[in-house]
Amino acid sequence: MPNPKVSIIIPVYNVEKYISQCLESAVNQSLKDIEIIIVDDCGSDNSMDIAQEYAKNDSRIKIIYNKQNQGPFVSRNNAAIKASGEYLLCLDSDDFLDLKACEIAYNATKDGYYDMVTFGIYRWSDEATIFTEFESLSFDSVDEFGDWFFRNKNIFWNICGRLIKRDIYLANLDFLSAINSRLIMAEDVLAMFVIYHNCQRLNFISDMLYYYRYNPNSSTNDKSIENIKESIKSFEEVIAKMREFSSKNQFDKRWQKLYISLGVHEYDILKRALKIKEGKFGLM
């Protein structure tokens, strides 16, 4: 399909329990002018067998293959290069969408005026509870957004739950692609830091359109010592890359510093969690 309105990007790795619900929510979108890009990230279960069955029955589905397991950050970047949609929507393969998500979010772009549309996310574990929600508000300049961003002091850095103009996503992809290590944590922090820099006009809508599933087997919920150590390494690299990007690009220093400081705060939380796990906290 030439130049669809939306490309849904789905990295897939060992989610055979959830992949069908994810893909059902994508192929049954009320907006039909979409493409669905599935990234095979070299898992070991039957996830891709299920995905390939869907691809046989829907010409809008495109499958691309990583040569080795690279994680969601690199997988999304690989898919963005192959995408032809006007906007990108990132969907984790254990999550799912409201069936009107693409239609509502695309209409909120106002015929391509807004660089990014952000919508609400439910947390899903047998029932829906609110994960993030927004009042309807929009910004027509990066300075206007920067003022609000700094006053709000609450950063929403998940890349899911957004419709992002493909050109905005690709603008600094060379910088993001220069990361050689496999990030298991904080990849959204870095990606959104760069994407925010590229945006001029942003729209936040109150609609709740994304369902984030609590998956006990995901790296986010793995509390083992080894995983915490890997998460700390990821945050160290992400914080260093944000500082590098800041030194090379001029934009609102107030929220830039706020964003990085909150990244450092999350990093410190992980460091404390590691000390507790290792029993290195003594009595005060």
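## Helix H9

Helix H9 covers residues 225-248, and its 24 residues reach 35 Å from the first C-alpha to the last, close to the 34 Å expected at 1.5 Å a residue (the expected span is 1.5 Å times one less than the number of residues). Helices here are DSSP runs of H or I with at least four residues, strands are runs of E with at least two, and both are numbered from the N terminus.

This is a predicted model, where local features need pLDDT of at least 70, side-chain atom pairs count only at pLDDT 80 or more, and totals for chains, interfaces and linings use all residues. Residues are numbered from 1 along each chain as its sequence is written, and side-chain values use heavy atoms, with hydrogens and water left out.

Among the buried residues of H9 are Ile228, Phe235, Val238 and Phe245; buried means under 20% relative accessible area, exposed over 50% and partly exposed in between, with a 1.4 Å probe and protein chains only. Their cover includes helices H7 (173-177), H8 (187-198) and H10 (253-277), with contact meaning heavy atoms within 4.5 Å.

## Two positive phi values

Let's turn to the loops. Asn14 lies between strand S1 (6-12) and helix H1 (19-27), and its phi is near 50°, positive although the residue is not glycine. Asn14 is partly exposed, at 30% relative accessible area.

Asp126 sits in the loop between strands S6 (116-124) and S7 (128-132). Its phi, near 75°, is also a positive value in a residue other than glycine, and Asp126 is exposed at 73%.
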